[in-house]
Amino acid sequence: KRTNSLLQLLAGTAILISAVILAGYFFFRIDMTGEKRYTLSPSSKKLAATLDDIVTIKIYLDGDLPPGFKRLRNSAREMLDEFCVYAKGNIEYEFIDPAIGRSEKERLEFYKQLAKKGLFPTNLEVQDNGKKSEKIIFPGALVLYKNQEVPLQLLKSRAGSSPEEMLNNSVEGLEYEFSSVIRRLSQPIAKSVAFLRGQGELTTLHITDAARALSEFYKVDTVTIDGRLKALDEYDALIIAKPVEPFSEKDKFVIDQFIMRGGKVLWLIDKMVADMDSLATTSTAISLPWNLNIDDQLFRYGVRINDDLLMDMQSAPIPVVTGYTGNSPKQELFPWPYFPLLNPSGSHPVVNNLNVIKSEFCNTMDTIEVSGIKKTILLQSSSYSRWQMSPVRISLNMLREEPDKKIYNKKQLSTAVLLEGEFTSNYKNRIPEAISSSKEIGFIGNGKYTKMIVVSDGDVISNYVSKKGAIYPLGFDRFTQQSYGNRNFILNCIDYLCDDSGVIELRGKEIKLRLLDQARMKEHPLLGWINVVMPLIVLLFSGLIHYYLRKKRFARKSSSS
């Protein structure tokens, strides 16, 4: 017995030492979670492995935090630990409590510095011994790489979501956020994106914030086709932002051939003439269709934007004068049905975890059956919507009455669609033989695989510009001080169309929110105790049974000897 025990000990020690030695040469990790929450995607691993200098990440989320934010902090630490493994020492991070070790004056000054660097605070209501107080936390980080410093918000808000859901969405997006900021700092700008000019598109001031955001990842330019066959050759993607003048057939042909050669296009189209300026002097206006001359082209690719206006009870508010105090007008905010708040549809990476998108005088759209083209709806109206066919009479007087739910009886009307596949040219079998066979033109009838996104509202990409020329962030509502998801939506669209690194695919990562039913817990408090105590009881009984069986086995062996 003594010899056998010694041999078993030596064998076990040898196996353990061998395993340690082999672990130094062969790396592996086992993730037992159902959704693989602790496993980095191949694109993130590759991104971390290609770093050639140290990335320093300072996360200002530490100290005495509520349970939900502790979970966000712990998840961020676990995610960064995974990145560190594959970065081979090129990622360093630290968690900082911005409130500790500072006087009140120093703390406020430090908060101002963080805000200037782009980290937005969150106010929490804390109860201590029955007294309520506010606590400021900064659920974000500063990322430094080669003398570059960029802010990173870890907490992602979303209208209509509970705090638990927002925190869970933030946890889901951690890998995407860290990978995105590392890609932004470490990889050279390669792809080129151009805003189209020549058809009365949005002015430079109104696309400033979108262009600024895109310029962090892409080369951003403007281009006028003007009938030139090679006008788009140097670009990877084209953004057509709210044209108001008809396209010439030559320009349409150039865009068509750009798509046939694999070019990507983000169409942001308004089909109806409508804006708030027309209601500034009078409370009523008539909306008619624009003549853009692109209906046949979009139809051939698989989508039709309708000559109508979408109305939705889920909408952004506008100020309306309701009376006067002396000579000063009194204003109140009322939901304006012609400014629908569009909901992300499904869990596609372009819209996953996005806040609602603010639109202005949006249209509905239909998809057309086209062979070989995959269609994915990205944005939809709410369950209480309707449309008005052209011509549409728009009147501010409708705000005087409560909206009738009976007429808002349409659900999930499509407003943005992703088209993927090998498109057929709009000019196939429609142009003379001399043009289609010309080597100089190089006409392509059946295109390469490519992608495009069509949105039935041009204002989705438009930032507000004040009368004094101040430029507001894209998606920011100056009346409610709320930020919508427009900026991230535009970035996601271009990322999905152009980015080959696969980082955008991380937005589709989902972590299940496994929470107890609070209402049921209050109704049956015994359930809470069962969930806490039962696992301990099962563990205790398992240990006792194992001990009893082990003791019985050894007693049998000793009696036989």
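Predicted model: local features only at pLDDT ≥ 70, side-chain atom pairs only at ≥ 80, totals over all residues.
**The cavity**

A cavity here is a set of points on a 1 Å grid over the protein atoms alone where a 1.4 Å probe fits but cannot get out. Its volume is the space filled by probe spheres set on the points, which are joined across faces, edges and corners. The largest cavity comes to about 60 Å³. Lining residues (an atom within 4 Å of a point) include Tyr60, Leu61, Asp62 and Leu65, along with Asp97, Pro98 and Ala99. Lys135, Ile136, Ile137 and Phe138 line it too. By class, that lining has eight nonpolar, three charged and no polar residues, where Asp, Glu, Lys and Arg count as charged, Ala, Val, Leu, Ile, Met, Phe, Trp, Tyr, Cys and Pro as nonpolar, and the others, Gly among them, as polar.

**The cores**

Now for the nonpolar cores: sets of buried Ala, Val, Leu, Ile, Met, Phe, Trp, Tyr and Cys residues joined through side-chain atoms within 4.5 Å, with buried meaning under 20% relative accessible area (1.4 Å probe, protein chains only). The largest has 40 residues, and Ile239, Leu266, Ile461 and Phe489 touch the most other members. Elements giving it two or more residues include strand 7 (192-197), strand 9 (237-241), strand 10 (264-268) and helix 11 (486-498); helices are DSSP runs of H or I, at least four residues, and strands are runs of E, at least two, numbered from the N terminus. Helix 11 supplies the largest share, eight residues. Leaving out residues up to four places away in sequence, Phe489 touches Val350, Val351, Leu354, Ile357, Leu379, Val455 and Val460 (contact: heavy atoms within 4.5 Å). Another core, of 33 residues, lies apart from it, with Tyr145, Val150, Leu154 and Val171 among its members.

Most residues other than glycine have a negative phi, and most peptide bonds are trans. Here are some exceptions.

| Site | Angle | Loop |
|---|---|---|
| Ser390 to Pro391, cis | omega near -5 degrees | Pro391: between strand 19 (385-389) and strand 20 (392-395) |
| Asn293 | phi about 60 degrees | between strand 11 (284-287) and helix 9 (295-301) |

Conventions:
Residues numbered from 1 in each chain as written. Heavy atoms only, no water. 1 Å grid on protein atoms, 1.4 Å probe; cavity = no way out; pocket = protein on both sides within 12 Å on 5 of 7 lines; lining within 4 Å. Buried < 20%, exposed > 50% of the residue type's maximum accessible area, 1.4 Å probe, protein only.
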